[in-house]
Amino acid sequence: MEWSLGRVRELVADGMQSIRDCESSAVGTAACLLLLFLWYCYRVGREHGSSPLRGRYGAEPGRPRAGVLSGSEAVGGAKAQQGPLDGQNGLAYCQSVECFRCAAPGEGLNQRLYHSLQEYAKRYTWSGMGRVHKGVRDQGRYLSSRPTIQRPEVFFLPDLPSAPFFSRDAQKHDVELLERSFPALLAEFGAVYKQPPARSGSPLPPGWKANSTAHGQWWTYYLVNQGTPLALNARRCPRAWRVLGQLRTFIANNVFGNACFSVLTPGALITEHYGPTNVRLRCHLGLRVPSACELVVGGEPQCWSEGSCLLFDDSFLHRAFHEGSAEDGPRVVFMVDLWHPNVAAAERQALDYIFTPGR
């Protein structure tokens, strides 16, 4: 339920009149408490936002808000370089000096993170912020001293259990929901993939982006790119969007959250790189998986399977490749970023605040 400020004030005024009418009664006391609670919920809702994906079609595809981590990938992303949006390549190179990932790491980033955490604690609470405070305070040291096998580029949360791959039970509800949705997601992928090219001379259908690869082609079709919904793409995939809204642990409110269809053509290679953080698990649902396709995370190889999910920590060094023939067709996955299961609810709320797109 959403109320305007004027409506809430009317309710408060009516309630206060009722209280004055029966000031000495228990009913008046209960009404006062109820109205105070409603007012508190209204203020918190306005400050912190509503449910993750509600009413978030507003972002224009291909044009991230200022300050969003623009440009690295949905499979974990090599760091983007400064420069204009490249229409042919499709990489959203960030032009904002506020971009966490594109900005050079150092004291400037650490100070912004700490300032955002202090703002959050002042507005809400320090309760449960021990690890987040420790991570923000010592971020420079954590990022520079991590072993080469795991080195997130932007934010490291200390004392989280880490492994290249995680069991499906780590996020059982969301994994099972995605796997049940396999037929619908496969159908919507086919619908957007088979569209005619968006413009003359381009092989890409509307909404698709081509990413830089050492060999072959790697295309992505984002529904959510670094916390920003892509309106037109989401409208073309209503069932996939509905699935995202049903996920319990999808990272929908900060720059570490992405959801997309990801395509590797035969011969494609995504070279080794790190993701931005260890607070998420990347989930790949196999939609089309020919032979000779592999994902290697932290030196451990795994193969996708159609209709099944792979969960991995993309802050580990990882790469992906498709060594099949042209007759095999592309490898296709539906990719979503889920919270690491050991990040507590209070920590998630704080990280959403600190890493809100545009902050």
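A charge counts as sitting over a ring if NZ of Lys or CZ of Arg is within 6 Å of the ring centre and within 35 degrees of the ring normal. In this predicted model, Arg331 meets that description: Arg331 lies over the face of Trp304, at 4.6 Å from the ring centre.

Now for rings against rings. A pair of aromatic rings is described by the distance of the centres and the angle of the planes. Searching the whole structure turns up 14 aromatic pairs. Take Tyr124 and Tyr353: their centres are 6.4 Å apart with 80° between the planes, an edge-to-face arrangement. This pair ties together distant parts of the chain, 229 residues apart. Tyr124 belongs to the loop between helix H3 (107-123) and helix H4 (130-137), while Tyr353 is in helix H10 (residues 345-354). With a relative accessibility of 5%, Tyr353 counts as buried, because buried means under 20% relative accessible area.

Tyr221 and Phe261 make another of the pairs. Here the ring centres are 6.4 Å apart and the planes stand at 50°, so the pair is tilted.

Technical notes. Residues numbered from 1 in each chain as written. Predicted model: local features only at pLDDT ≥ 70, side-chain atom pairs only at ≥ 80, totals over all residues. Heavy atoms only, no water. Phe/Tyr/Trp six-rings, centres within 6.5 Å; stacked < 30°, edge-to-face > 60°. Helix = DSSP H or I, 4+ residues; strand = E, 2+ residues; numbered from the N terminus. Buried < 20%, exposed > 50% of the residue type's maximum accessible area, 1.4 Å probe, protein only.
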